[in-house]
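Subject: Structure for you to look at

Hello,

Here is the structure I said I would pass on. Please open it and keep it in view while you read the notes that follow.

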Amino acid sequence: GIMAQATPNAGFEAWTYGSGSTPYQTPDNWNTLNSTTAQFGVITCERESNPPDTYSGLASIKLITKSVLGQTTNGLATTGTIVLSPPSITGGIAYTSRPDSIVGFYKYTSVSADNGFAEIQLLGAGGDTDTVGYARFKTPAVSVGGYTRFAKAITYKKTNAVVTSKWVLSSSADATTHF
């Protein structure tokens, strides 16, 4: 799980079932692509509840890159809002802290030297274009079979107040950087 002050369901313990012909669950207080991809019979975010695939507690999040209608689709979970076209993640959750780092635990199966990531964007009053602080942890481009701790310092570029945080967790790399 991801630990950060005021991040709801940071340990991915609470999940809600979605509706439709393909069964899926979504972690409470997080957004995923499941509600969109499930209509095509594909789930990219799963609730993992079988030890040793849980780190602590009863559940973990499992993000999987899959093909949806011929398009490579990363497993994605965010505290922001997923916009499909053009692809982006906006918004976030109310948050006023200025932590020094992000910390979590991950396992990763690399395919074709890909890597996943966990990032936090700390945004000011200007919203998505007002990045106050930012950190991204990238998994290595090789498989890591056992849960491994990561920590990444948050870089602050501005002194203005943080009003929103946006977590983005992904099973595959992307080209977006926020500083």
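Strand β14, residues 117-123, is joined by seven bridges to strand β15, residues 131-138, and the two run antiparallel. Please note that this is a predicted model. Within this pairing, Q121 stands opposite Y134 of β15. Strand β14 also pairs with strand β18, residues 164-170, again antiparallel and again through seven bridges. There, L123 has T164 of β18 as its bridge partner.

Is β14 enclosed or open to the outside? Seven of its seven residues are buried, so the strand is largely enclosed by the rest of the structure. In a regular strand, side chains alternate between the two faces of the sheet. In β14, F117, E119, Q121 and L123 point one way, while A118, I120 and L122 point the other way. The residues of both sets are buried.

Next, the protein as a whole. It has one helix and 18 strands. With 179 residues, a compact globule would have a radius of gyration near 16 Å, and the protein agrees with this because its own value is 16 Å. Along the principal axes, its C-alpha atoms fill a box of roughly 45 × 35 × 30 Å. Buried residues account for 42% of the 179. The accessible surface comes to about 9000 Å², and carbon and sulfur atoms contribute 54% of it.

Take the contacts between residues at least 6 apart in sequence: 62% of them join residues at least 24 apart.

What does T73 touch, leaving aside residues up to four places away in sequence? The contacts are L33, T37, T44, I64, T65, K66 and V68. T73 and V42 are 31 residues apart along the chain, and their C-alpha atoms are separated by 9.8 Å.

The last items concern backbone geometry. Most residues other than glycine have a negative phi, and most peptide bonds are trans. The residues below depart from that.

- P51 and P52 are joined by a cis peptide bond, with omega about 10°. P52 is in the loop between β5 (45-48) and β6 (60-63).
- The bond from S85 to P86 is also cis, with omega near -10°. P86 sits in the loop between β10 (81-83) and β11 (88-90).
- N9 is not a glycine, yet has a positive phi of about 55°. N9 belongs to the loop between β1 (2-3) and β2 (15-17), and with 16% relative accessibility it counts as buried.
- F12 has a positive phi as well, near 55°, and is likewise a residue other than glycine. F12 lies in the loop between β1 and β2, and is buried with a relative accessible area of 2%.

Regards

Terms used: Residues numbered from 1 in each chain as written. Predicted model: local features only at pLDDT ≥ 70, side-chain atom pairs only at ≥ 80, totals over all residues. Heavy atoms only, no water. Helix = DSSP H or I, 4+ residues; strand = E, 2+ residues; numbered from the N terminus. Rg over C-alpha atoms; globule rule 2.2 N^0.38 Å. Buried < 20%, exposed > 50% of the residue type's maximum accessible area, 1.4 Å probe, protein only. Contact = heavy atoms within 4.5 Å. Areas by Shrake-Rupley, 256 points an atom, 1.4 Å probe, with all protein chains shown as cover. Pairing = 2+ DSSP bridges.
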